[in-house]
Structures are given as structure tokens and as C-alpha cells.
Amino acid sequence: VPRLVARHSLPPESKFVDSVSQVVSSIERNELEKVVLARREVLEFAAPINRGGVLANLRVQQPGCVVFAVDEVVGASPELLIRKHGERFESAPIAGTAGIEHAASLAASAKDLREHEFVVAAMRDAFDGLEATVDSVGEPVVEALADVAHLITRISGRCTASAFDLARGLHPTPAVAGTPTAGALTSQRALEGFDRGIYAGPVGWVDVSGDGEWMLALRSAQIEGATATLFTGAGIVAGSDPQAEWNETESKLSPMRRALGV
């Protein structure tokens, strides 16, 4: 990996913290329940980056994640949007994140459990709208994936729609947008100030029979020459602490930073 020569946070920490405060105020006025705010970090290196080498690092460093490459974007996703084989499907939404050293605190965090509950409830509603039968919804569990721990709930059921149609019907979930969805997306566009591209979008495959697997493009970076633009985000709900949300995004950047040798 080439030598790092510059690093920029977009937006800077103070601006991101201020945006979180604005969202919390909107939630306190009962205008929204949750908004996921994204940010970027631009890393500039002394020479062009070998994307194949970054992917190889991710395979080794991110067990339990799905490594992907789409055009200039590479990443290792921890979040299964939908997997379907025959009529059986499964999904594993994530909401609530902490550094690996604080994994045990997630299961007792009222803020993280509330954020997680929004996502699971919305997923169940979305499956109902897709005429899918949900057979099982597990309890949220803490799973450690290399650098970061998450709250994850496993959902399974039956449906005749294709994996592609299910992914299209489920996205965007409150795990990457917020709730209510329309208001959360409006808030994102006003405060984030950039186009997410494929960040947090579905990435995967579907075959002619409708079987397939779709992940969310998280823990990712857009690599162009000697520049890598890393993406991350945090779910803001009632009681969110702006500085703590910044710290959470820093934890989420660790996997891609490490894969880039930073």
C-alpha cells in the first residue's frame, strides 16, 4: 500500500456534529424518528492504489463480511438485505454499532435498541407489502465482526418474488435511510451535501430462477488512482449524543482504513 500523504474529513467534525444536533432537534419536535447521516473521509496516497490488494486485505481482515467490488467501489459488507433460495428467504438487518472494545454495552443500550427496533419493524412492514410470509423474527443479538460490533436480528420466511424484487422493495431500510423514509431522505439530502453513489445501496446477484443474495454496500471506499474516498454513517434517534455519533463513525471507518494500510 502506498504512503499516505493527506487526509480530509468531509464534512469536518464540527459540521457533522452540528448536523446531528439539527436532526436530534427535528426528532424532539416529532418531525422524524430516525435519520442516518453519512460522511466521507478522503485519503490521498503517494502512488496509485492497487484495488486487488485492498480486496485481498478485506478478505483476510473482515471475517463474516461479504467482500465486493463494483466499478471503483470496494468494500466488505456486514449487512444481509436479502438472501433467497426457492421460496425461502432470510434477512439480517443491522442497527446499533460500537467499537469491539464496547461490544458488551450494545445489548444494554436503550438508544441502540430503540434504533434497532425501528429497522426491524420497518422490515416486517415491507415484507407484508411484498406479500411475503415472515416465519421467524429472532431477538437482537450482538455480533462482533473484526473491528466493530453490531446489533443484528435474523428474519426468515417464504415468498415467491425474486431476490431482486425483494431487494428493490426493501431498500432503503431505516438502517441506511431512517424513518419515516420520505422525511429522513429529505433531511439526508439537505444535511449531507454529497451524492452517496452506491454507498449503502444494494449490491449482489440474482439468477434466472429468482434466487440471489443482496448485501448493503457498507464499509466501502471509492478508489480512483491515488485517492480513496471512504464512506460511513450513523443512525440518529432521540437521545443521540452528537459527539458519540461522530465517534461511532470513526469506529466504522476502521475496517477500510486498515485495508488501506492506514
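The lining of the second largest cavity draws at least two residues from each of α1 (13-28), β2 (34-45) and α6 (181-192), where helices (H or I, at least four residues) and strands (E, at least two) are DSSP runs numbered from the N terminus. The model is a predicted one, in which local features need pLDDT of at least 70 and side-chain atom pairs count only at pLDDT 80 or more, while totals for chains, interfaces and linings use all residues. Residues are numbered from 1 along each chain as its sequence is written, and side-chain values use heavy atoms, with hydrogens and water left out.

**Second largest cavity**

- The residues that line the second largest cavity are P11, F16, S19, L37, A38, L191 and E192; a cavity is a set of points, on a 1 Å grid over the protein atoms alone, where a 1.4 Å probe fits but cannot get out, and lining residues have an atom within 4 Å of a point.
- The volume of the second largest cavity is about 40 Å³, a volume being the space filled by probe spheres set on grid points that are joined across faces, edges and corners.
- By class, this lining comprises five nonpolar residues, one polar and one charged, with Ala, Val, Leu, Ile, Met, Phe, Trp, Tyr, Cys and Pro counted as nonpolar, Asp, Glu, Lys and Arg as charged, and the others, Gly among them, as polar.

**Largest cavity**

- The structure has two cavities of 30 Å³ or more, and the largest cavity has a volume of about 280 Å³.
- Among the 23 residues lining the largest cavity, T97, Y199, L218, G233 and K252 are the closest to its centre.
- At least two lining residues of the largest cavity come from each of β7 (94-99), β10 (148-152), β16 (227-236) and α7 (242-259), and β16 gives the most, with five residues.
- The lining of the largest cavity divides into 12 nonpolar, six polar and five charged residues.

**Aromatic pairs**

- There are five aromatic pairs in the structure, where rings of Phe, Tyr and Trp (its six-membered ring) pair if their centres lie within 6.5 Å, and planes under 30 degrees apart count as stacked, over 60 as edge-to-face and the rest as tilted.
- The pair of F194 and F231 is tilted, because the ring centres lie 6.3 Å apart and the planes stand at 35°.
- This pair links distant parts of the chain, with F194 in the loop between α6 and β13 (202-206) and F231 in strand β16, 37 residues apart.
- F194 counts as buried at 15% relative accessibility, and F231 is buried with a relative accessible area of 8%, where buried means under 20% relative accessible area, exposed over 50% and partly exposed in between (1.4 Å probe, protein chains only).
- Y199 and F231 have ring centres 5.5 Å apart and planes at 15°, so the pair is stacked.
- Because Y199 lies in the loop between α6 and β13 and F231 in strand β16, the pair ties together parts that are 32 residues apart in sequence.
- Y199 is buried, as is F231, and F194, Y199 and F231 form one aromatic cluster.

**Charges over rings**

- The charged end of R40 sits over the ring of F194, 4.1 Å from its centre, under the criterion that NZ of Lys or CZ of Arg is within 6 Å of the ring centre and within 35 degrees of the ring normal.
- R39 lies over the face of W246, 3.8 Å from the ring centre.

**T232 in strand β16**

- T232 is found in strand β16 and is buried, with a relative accessible area of 3%.
- Not counting residues up to four places away in sequence, T232 touches L37, A38, R39, Y199, T249, K252 and L253, contact meaning heavy atoms within 4.5 Å.

Methods: On a 1 Å grid over the protein atoms alone, a cavity is a set of points where a 1.4 Å probe fits but cannot get out, and a pocket is an open set with protein on both sides within 12 Å along at least five of seven lines; lining residues have an atom within 4 Å of a point.
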